[in-house]
Amino acid sequence: MGKNEQMSNRKKRRINLWALFYSIALTGYTIFTLLYTFVIPRDVVSMSGAWNSVNQEKEVNHGDENQQIAGEKSGIEEGREQEDTMMPVITDNSYESSTISIKIDTIREYDTDIYVADIRLKSAQSLLSGLAKNSFGRNVTEKTSEIAKDNDAIFAVNGDFYGFRDEGYVMRNGYLYRSTKRSGNNNEDLVIYEDGSFEIINESEVTAGELEEKGAVQIFSFGPGLIQDGEIIVGEKDEVDQSMTSNPRTAIGMIEPLHYIIVVSDGRTSESEGLTLYQLAGLMKEYGCTQAYNLDGGGSSTMWFNGEIVNQPTSHGKIKERSVSDIVFIR
Amino acid sequence: MILYSLDRKFSAKNMLFVYAGVTMFCLAFSTIYARYSHNVSSDYMTYLFVCPLLLGCVPAFLLMKVSEIGKLGRISYNAYHSGVAALTVSSMLRGIFEIAGTSSEFQTYLTYAGLVMAGVGILFLLLEIGTRFMCRLR
């Protein structure tokens, strides 16, 4: 074998080695990035721990005053418990107790099956949110029905799927988990206050800390807002990110504090086309909502009532419930 | 005329064939992905094929047309192609994340790495050509 030929072979081997090494490295990096973004749970905070720390903090801050409030609250709780002991009347599509009234109607509009829950509460404390596996964190997911059962819920819908993103305010049941503002234009949040009232805010205009001081107990960061002060605020062509079509949807609206409308629509099936955001906003307005907000939709859209899934959730082209980060529920 | 790099296998003609294949693959991948993304789109996915087309096929085609400038160094060759590969994969990842409604800092790092590698490749190529040109002048 000549010297030149040997050199050429050696060089060729070096090239092949580099190509092999680089291909493996790039493939590995791609797989890692996909797993890190979609699968690997991280930044996990236990919700029960968070609740404890919030309660302890409140106890320390308020001292004697807190004891008095706690006494009053325990009185309220006792009252609620006594009221709750009255047997609720439950049917396939309704729940009626002395503190909670839920009525679910199925309507058909825009070639789509739409499930509308009319909810009246005695106390804002009945409107709660639950986290998958009772923990806050990226890629921590569980099915809506499972989270609902874990929380002894009567009624539940999927939340904002906060765990799919690293930005956007996240407050659940009074505890602020994330105060990072979202970048970009679409950064409207739904804020639920202690008295059960709703407000649609823009993250670029107010900090999560300021909302906490104002008495926020829940902040959802998906959007966009559908209705604000009785007016539709979403345009006919507005959509979530690049989506330009009808989809399964989940929306929550307030007629007045303690009187809410929650809508879930089917979509992506031969029976149901789905709704555009503008159609969804129009529907919420028809029901008299003064504030309404779009929660996570698509495959996440799930309505659960009294142990059963009400709608037809789609996941990967099949009628199947998808795992999500969080839910909104009534208890 | 064919421009040789290190080996006949890595001629500009072969480079054109390889990048044409990658371009077709990207076009097919983005088309199939669009079918299952419920009409959610991302420019990074829709125009995924542009990366190998502009950074691979076009340079290869141009190299085939220019006169022979001799063998090219391994660093410039490997760095440039590695950079184009990183940018193509990064575009694909960005498209997937945008369609899903999320993002990842690791995709951004890959873009920077791709730009640096492709930049280094081009820089070394220009240096080599410049050196040879100077040598010829002497």
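Me: Where is A:Gln291 found?
Reply: A:Gln291 belongs to strand S19 of chain A, which covers residues 291-295.

Me: Is A:Gln291 buried or exposed, and why?
Reply: A:Gln291 counts as buried because its relative accessibility is 8%, and the cut-off for buried is under 20%.

Me: And what does A:Gln291 touch?
Reply: Leaving aside residues up to four places away in sequence, A:Gln291 touches A:Phe198, A:Ile200, A:Ile227, A:Gln228, A:Asp229, A:Ile252, A:Gly253 and A:Met254.

Me: Switching to chain B: how many helices and strands does it have?
Reply: Chain B has five helices and zero strands.

Me: How much of chain B is buried?
Reply: Of the 138 residues in chain B, 38% are buried. The accessible surface of the chain is about 7800 Å², and carbon and sulfur atoms account for 71% of that.

Me: What is the mean pLDDT of chain B?
Reply: The mean is 85, with 88% of the residues at 70 or more.

Me: Where does pLDDT stay under 50 in chain B?
Reply: That applies to residues 1-9 of chain B, although the model has 30 contacts for them beyond four places in sequence. Where pLDDT is low, predicted coordinates should not be read in detail.

Me: What about contacts in chain B with a separation of 6 or more?
Reply: Among those, 82% are between residues 24 or more positions apart.

Methods:
Residues are numbered from 1 along each chain as its sequence is written. Chains are lettered from A and ligands numbered from 1 in the order in which they are written. This is a predicted model: local features need pLDDT of at least 70, side-chain atom pairs count only at pLDDT 80 or more; totals for chains, interfaces and linings use all residues. Side-chain values use heavy atoms; hydrogens and water are left out. pLDDT is the predictor's confidence in each residue, from 0 to 100. Contact means heavy atoms within 4.5 Å. Helices (H or I, at least four residues) and strands (E, at least two) are DSSP runs, numbered from the N terminus. Buried means under 20% relative accessible area, exposed over 50%, partly exposed in between (1.4 Å probe, protein chains only). Accessible areas come from the Shrake-Rupley method with a 1.4 Å probe; for residues, only the protein chains shown count as cover.
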